[in-house]
Amino acid sequence: RGDWLRMDVEPGFSHITDVGGSVASSQGIKGNKTFLKTTVEYRRYWSPGPPRGRELDAPRKVVAARLKLGNISGTSPFFEQFFVGGSDSLRGYDEDRFWGNNMFVGTLEYRHPIQKSFNAIAFVDYGGAWGGYGSVNNFAQSAKPKFQVGFGVGLSFRTPLGPIRLDLGFDQKGKSRTHFLIGTSF
């Protein structure tokens, strides 16, 4: 149980001499540009029972929530934008499916212990990214906020090398996607 808060402020500089591909029409990004990338992430964990001591108690049920916001001011290169989608943000969607100079992601998880090293998880993700470059390959991007919902179930295993997680996520159209993660989602 508890709270976790992090704020990152990252100044950047780019020197772009040539623009090609699907962003060739974005000639305004050429030259020397500065930008400021700001990210705020807040996490909250709830668990029944008294606080834990230093000893490892029996596994607990946990409800975990995360809000993550991001904004880029100035002109940034494509690869510096925020990317949303996949195992660490919006499950049920392709990795980095949404991108832009603005980002919002909200996640709610219920983690239910099956045994000491094994948890079953139910989750809902909500969010997106917007305000970036128009399209890449077959993926169009939104200039205005357009949030998506992802939901599903997962399994988490604690191993001597660290946690391993397997999630089955669904997008809002019902299409499924499997996500494998070494580590925790948050």
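The turns below go from the core to strands, loops and rings.

Me: What should I know before starting?
Reply: This is a predicted model, where local features need pLDDT of at least 70 and side-chain atom pairs count only at pLDDT 80 or more, while totals for chains, interfaces and linings use all residues. Residues are numbered from 1 along each chain as its sequence is written, and side-chain values use heavy atoms, leaving out hydrogens and water.

Me: Which residues make up the largest nonpolar core?
Reply: A nonpolar core is a set of buried Ala, Val, Leu, Ile, Met, Phe, Trp, Tyr and Cys residues joined through side-chain atoms within 4.5 Å. Buried means under 20% relative accessible area, exposed over 50%, and partly exposed in between, using a 1.4 Å probe and protein chains only. Here the largest core has 10 residues: Phe35, Ile72, Phe82, Val84, Leu90, Tyr93, Phe98, Met103, Val105 and Ala129. Strand 4 (82–84) and strand 6 (102–115) each give at least two residues to this core; strands are DSSP runs of E with at least two residues, numbered from the N terminus. A second, separate core of 5 residues includes Ile16, Ile29, Trp99 and Tyr133.

Me: What is Phe98 in contact with?
Reply: Contact means heavy atoms within 4.5 Å. Leaving aside neighbours within four places in sequence, Phe98 is in contact with Phe82, Phe83, Val84, Leu90, Tyr93, Ala129, Gln141 and Gln148.

Me: How many bridges join strand 11 to strand 12?
Reply: Two strands pair if DSSP finds at least two bridges between them. Strand 11 (residues 162–170) and strand 12 (residues 176–182) run antiparallel and are joined by 7 bridges. For instance, Leu168 has Thr178 in strand 12 as its bridge partner. The two strands form a hairpin with 5 residues between them, and Gly174 in the turn has a positive phi of about 90°.

Me: Where can I find a positive phi in a residue other than glycine?
Reply: Most residues other than glycine have a negative phi. Asp96, however, has a phi near 55°. Asp96 is found in the loop between strand 4 and strand 5 and is partly exposed, at 41% relative accessible area.

Me: Is Arg91 buried or exposed?
Reply: Arg91 is buried, because its relative accessible area is 2%. Arg91 is found in the loop between strand 4 and strand 5 (98–100). Its side chain has a polar contact of 2.9 Å with that of Glu109; such a contact is a pair of N or O atoms within 3.5 Å, where within protein one must be able to donate a hydrogen and the other to accept it, and residues adjacent in sequence count only if both atoms are side-chain atoms. The charged end of Arg91 also sits over the ring of Phe123, 3.8 Å from its centre. The rule asks for NZ of Lys or CZ of Arg within 6 Å of the ring centre and within 35 degrees of the ring normal.

Me: How many aromatic pairs are there?
Reply: Rings of Phe, Tyr and Trp (its six-membered ring) pair if their centres lie within 6.5 Å; planes under 30 degrees apart count as stacked, over 60 as edge-to-face and the rest as tilted. By this rule the count is 10 aromatic pairs. Phe104 and Phe147 have ring centres 5.5 Å apart and planes at 65°, so they are edge-to-face. Phe151 and Phe170, with centres 5.8 Å apart and planes at 25°, are stacked.

Methods
Helix = DSSP H or I, 4+ residues; strand = E, 2+ residues; numbered from the N terminus.
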